[in-house]
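Here is a quick walk through this model, a few strands and aromatic rings at a time. Have the structure open as you read.

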Amino acid sequence: MTESTSTSARSQNTSYIVNKNGADQLVDILQRRPDGQVYVHYDGFDKRLDEWIPGASLKPANESVRKRRRDTPSPTPTEPETRPDPLMTEEEFDIKHHKQITAQRNFDKVNFGQWRIKTWYFSPYPLTDSELEDSTGLPGGSASTSKIPGVNRATVRSHGRTSDLLAGGLTRSHLSAEKSILWVCDRCFKYMAEGAAWEMHVKQCDRRHPPGRKVYQRGAHIIWEVDGAKDKLYCQNLSLFGKLFIDVKTLFFDCDNFLFYILTDADSQRDHVLGFFSKEKISYDDYNLACIIVLPPYQRKGYGMLMIEFSYEVSRRAGKIGTPERPLSDLGLRSYLTYWVATLIRFFRRLLSVLPPDRPTITSSGRLPDLTGVLPPPSEDANSRKKRAKGWDGETPDSNSTFSSPNGLDDTIAAMRTVLTISNPDGSATSHVVVRSTLAEIASATNLRIEDAAFALNECGLLGSTLDGVVGITREMVEAVAKERNVKRMCLDPAHVMLT
């Protein structure tokens with residue numbers, strides 16, 4: 001290990017405070033530089049917020065803060081090891097050192113097409129020979145001492161070897177600010193260390209869209225299915241790029257057993273990648289998603305929800321009830337909770353409605369109306385259609401899109417509910433929907449795992465009122481949750497799925 005890294009292990013015994021955004025934050029010092037810069041982690045915050053700050057901005061924590069710090073568990077400093085345990089395999093040794101290696105980002109920014117994006121996490125891009133030679137002249141460090149013991153120098157040719165990948169990039173944080181920028185082609189995801197090489201490559205790269213086949217297309221938005229075994233280099237480069245923004249997954253680059261689903265937005269020239277998710281081809285736990293990322297410039301636009309909904313649609317068409325692979329990141333859990341709650345709310349709205357959502361009134365002649373079926377939407381003239389607002393994908397949404405659900409849901413609703421009609425003194429009648437079902441039936445009807453449905457119902461407060469072990473849910477409670485959670489219509493339209 002270098003001298004600066006050894007210093008960081010000793011400095012974790014001291015608590016410091018940094019003023020950030022007008023508030024004092026407790027920090028851990030992960031590394032020091034000879035120029036006085038320190039790399040810090042903010043207590044209670046995700047690792048993606050770690051950053052280099054001037055050492056002069058640090059203030060020793062007072063005794064009360066130190067006492068609170070002692071009362072809470074803190075990460076145990078990782079001491080450098082000189083040699084691997086001879087009884088451990090190379091892969092086991094790599095995993096043991098994974099947390100130590102990935103504690104610090106190895107690139108500050110990535111240049112991706114027109115965007116220069118601040119990275120969130122470490123990604124094991126292989127070190128090239130020239131970078132290793134440059135790092136030998138740095139104070140207190142050498143190429144050999146900063147590598148994992150027993151692992152040879154990483155080269156571009158050794159791209160697929162797990163141990164070399166984990167070792168790659170260890171010394172980049174010690175290089176100049178210019179070399180902390182990674183250059184990635186936004187067409188093929190090929191990576192370069194120098195801007196000049198990147199500019200030359202993008203002028204020659206003629207890829208217009210991801211490899212593989214289209215599995216969803218609605219307007220300009222397309223989802224491509226790419227086989228990791230057929231397009232291995234593309235998927236490896238895509239995984240390396242995604243790892244810059246994904247922390248909780250231990251990333252190994254044997255892509256043969258994975259399918260990648262890449263969301264793009266098309267213009268007149270080509271398709272631009274917005275994000276992607278991956279899933280195992282064969283998952284014995286029926287996981288429908290291994291990792292997911294929406295690129296930072298395109299976040300908060302509904303693209304993550306579109307990909308989550310598509311992953312569940314793939315599971316539904318395969319006759320399985322899927323769930324994402326654990327553990328989930330903080331952002332992943334938030335996104336999935338939004339999906340689970342929205343799915344349940346849309347189901348309860350349809351389940352607890354006497355009339356179809358697109359028919360506020362029903363007029364019949366000669367006999368009482370039939371409320372058991374789902375009537376077709378009322379006819380519209382051309383002028384009323386023109387006045388509709390455009391959806392997020394540029395298309396005109398259906399009038400019942402708020403309640404849109406997978407095919408076959410109406411039969412499920414009919415089997416679960418009873419419509420109770422009570423006469424009034426004035427000769428009219430009032431109809432009420434009464435539903436008696438188990439949590440397993442609700443989960444099956446919404447294509448969710450029972451534990452996922454129970455977690456979502458508990459988080460939104462619908463499991464709060466119980467009587468003799470029976471949970472009561474009214475339409476008023478459902479609407480209150482829908483308003484609080486800002487439940488929106490589905491982003492995915494199953495009619496545009498192109499899976500066979």
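## Strand 8 and its neighbours

Let's start with a parallel pairing: strand 6 (residues 109–112) lines up with strand 8 in the parallel sense, over 4 bridges. Bear in mind that this is a predicted model. Within that pairing, Val 110 has Leu 182 of strand 8 as its bridge partner.

Strand 8 itself spans residues 181–184, and both of its faces are covered. Ile 181 and Trp 183 sit on one side, Leu 182 and Val 184 on the other, and all are buried. Strand 8 also runs antiparallel to strand 9 (residues 191–192), with 2 bridges joining them. Here Val 184 has Tyr 191 of strand 9 as its bridge partner. The two strands make a hairpin with 6 residues between them, and Phe 189 in the turn has a positive phi of about 65°.

## Strand 11, covered on both sides

Now for strand 11 (residues 221–227): 7 of its 7 residues are buried, so the rest of the structure largely encloses it. Which residues cover which side? His 221, Ile 223, Glu 225 and Asp 227 are on one face, with Ile 222, Trp 224 and Val 226 on the other, all of them buried.

Strands 10 and 11 form a hairpin with 2 residues between them, and the turn holds Gly 219, whose phi is positive at about 65°. Strand 11 also runs antiparallel to strand 12 (residues 258–266), this time with 7 bridges. Across that pairing, Asp 227 stands opposite Leu 259 of strand 12.

## Aromatic rings

On to the rings. The model has 21 aromatic pairs. One of them is Phe 107 with Tyr 125, an edge-to-face pair at 6.0 Å centre to centre and 85° between the planes. The pair links distant parts of the chain, 18 residues apart: Phe 107 is in the loop between helix 4 (98–101) and strand 6, while Tyr 125 is in the loop between strand 7 (115–118) and helix 5 (129–135). Phe 107 counts as buried at 3% relative accessibility, and Tyr 125 does too, at 0%.

Tyr 261 and Phe 277 give you a stacked pair, 4.9 Å centre to centre with 15° between the planes. Tyr 261 belongs to strand 12 and Phe 277 to strand 13 (residues 271–280), so the pair ties together parts that are 16 residues apart in sequence. Tyr 261 is buried, at 3% relative accessibility, and Phe 277 is buried as well, with a relative accessible area of 1%.

There is also an aromatic cluster to look for: Phe 112, Trp 120, Tyr 121, Phe 189, Tyr 234, Phe 241 and Phe 245. One of its members, Phe 189, is the residue with the positive phi in the turn between strands 8 and 9.

## The annotated site

Where does UniProt put the active site? Its unreviewed entry places that feature at Glu 325. Glu 325 is found in the loop between strand 16 (323–324) and helix 10 (330–351).

Is Glu 325 buried or partly exposed? With a relative accessible area of 22%, Glu 325 is partly exposed, because buried means under 20%.

Methods: Residues numbered from 1 in each chain as written. Predicted model: local features only at pLDDT ≥ 70, side-chain atom pairs only at ≥ 80, totals over all residues. Heavy atoms only, no water. Buried < 20%, exposed > 50% of the residue type's maximum accessible area, 1.4 Å probe, protein only. Pairing = 2+ DSSP bridges. UniProt positions renumbered as here; feature names shortened; annotations may be inferred. Phe/Tyr/Trp six-rings, centres within 6.5 Å; stacked < 30°, edge-to-face > 60°.
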